[in-house]
Amino acid sequence: MSDSLDHYLEQRLSTVRDAGLWRRTRILDGPQRPEQVIDGHRVIAFCSNDYLGLAGDPAVAAAARKALDQYGVGAGAAHLINGHTRAHEELEQALAHFTGRARALVFSTGYMANLALVQALVGRHDTVFEDRLNHASLIDAVRLSGARSQRYRHAEPAHLRERLEKAPATGQRLIVTDGVFSMDGDIAPLPELAALAREYNAWLMVDDAHGLSVLGDTGGGSCQYFGLGSDDVPILMGTLGKGFGTAGAFVAGSERLIETLIQTARPYIYTTAMPAALAAATLASVHIAASAHDRREHLQNLLRRLGDGLDRLGLPHPPPLTPIQPVTLGTATRASAVAERLFEAGFLVPAIRPPTVPEGEARLRITLSAAHTQTQVDALLQALERALDQT
Ligand code: PMP
């Protein structure tokens, strides 16, 4: 029996290996910050989602330490049993305030928040309209909900309109999009999507994992960037493991939206609450993020510098507005070879390959953080030029 399982698994693994798509974990020694030691190599990393440099912030760590003494480590139970501490409650209030929504609800991961949210809103008689490049957790969420899925071309409201025109008259309609696309780094055309939602009586849900804390004057994300409020985007989801530098996620919206999740969402009801110390640390980071004008400005300056440098090298990249700046190189082999050269030169920049991105669009995914310096960005550009020459 176990022989046949091993044989079957080996065949599947060979397929991945033969396609040149083998993935492996690297071991990081020490905190998440640009200068790090990974697999024993000293590198400057350009791949984390710690966009504001809060993952290693002393004030955030101090809040976690204090709450550890107060609450211990594990939450010990689900929120609806007795795992929901005052730290969780305060974090939810702070996130509601931060996003300008009536209420917020915390989840252990963004993946779970998306599963919870989509399933709570739609079922098999409904239709979900999804941007083709939405994050995997959104795609899985729609599948699990059983709703009819209609994918529209990436960031193309005109194609969404065609889809909406042809949608069945019965059932609910939900439009789902990333706020900032995780592999392409562009911002969704939210004003157009909000207008279409209004016109076709659909609900708009935005996963702003990569926009919140980074975009907008007070870090309110892609909604704030476009000046949109809760009337335009009534269903907002954000993660805490990226710009906020900790871990977990949340949904923000109306009183009724949050209460519906509490009463019906299985990934909320049947899982252990995040540790209270994590909630307390995140509360500290939300406060810092709200007034982190300097960090956001520094990040925007670095992005401009990177954008200018990539232009000089003739490499296409999205407008340097968000910290995700992919450089498309074509085949998986080429992207991997350039990433390997960069690693040897002391820079960690991942190659993103199919199936994460479409065939022929393998890329280097450079992400910047407010913790980077101008010197580090310049050094990356020089190393990239050399790596491209040698590949
Ligand atoms: N949505 C988007 C757009 C993401 O990029 C991610 C993380 N890669 C998630 C959701 C999932 O969040 P988490 O890592 O907290 O599960």
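Trainee: Which residues of α13 are exposed?
Mentor: In this predicted model, H293, D294, E297, D308, D311 and R312 of α13 are exposed.

Trainee: And which ones are buried?
Mentor: R295, R296, H298, L299, L302, L303 and L306 are the buried residues of α13.

Trainee: Why do the buried ones line one face of the helix?
Mentor: Looking down the axis of α13, the buried residues fall within an arc of 160°, so one face holds them. An α-helix has 3.6 residues a turn, so positions three or four apart point the same way. The exposed residues of α13 are on the other side.

Trainee: What covers the buried residues?
Mentor: The cover includes β11, β14 (362–367) and α15 (374–390).

Trainee: How far does α13 reach, end to end?
Mentor: From first C-alpha to last, the 20 residues of α13 reach 29 Å, close to the expected 28 Å.

Trainee: What follows the helix?
Mentor: G314 follows α13, and the phi of G314 is positive, near 70°.

Trainee: Switching topic. Which domains does the assignment give?
Mentor: Domain 1 is 25–52 + 293–390, and domain 2 is 58–290. Their C-alpha centres lie 27 Å apart.

Trainee: How many residues does the contact take from each domain?
Mentor: The contact takes 17 residues from domain 1 and 17 residues from domain 2.

Trainee: On the domain 1 side, which elements each supply at least two residues?
Mentor: α13 (293–312) and β11 (324–330) do. The largest share, three residues, comes from β11.

Trainee: How do the residues on that side divide by type?
Mentor: Ten are nonpolar, four polar and three charged on the side of domain 1 that touches domain 2.

Technical notes: Residues are numbered from 1 along each chain as its sequence is written. This is a predicted model: local features need pLDDT of at least 70, side-chain atom pairs count only at pLDDT 80 or more; totals for chains, interfaces and linings use all residues. Domain bounds come from an automatic or database domain assignment. Two residues are in contact if their C-beta atoms, placed from the backbone, lie within 7 Å. Helices (H or I, at least four residues) and strands (E, at least two) are DSSP runs, numbered from the N terminus. Ala, Val, Leu, Ile, Met, Phe, Trp, Tyr, Cys and Pro count as nonpolar, Asp, Glu, Lys and Arg as charged, and the others, Gly among them, as polar. The expected span of a helix is 1.5 Å times one less than its number of residues. A residue is buried if 20 or more other C-beta atoms lie within 10 Å of its own, exposed if 12 or fewer, and partly exposed in between; C-beta atoms are placed from the backbone. The arc is that of the directions from the helix axis to the C-beta atoms.
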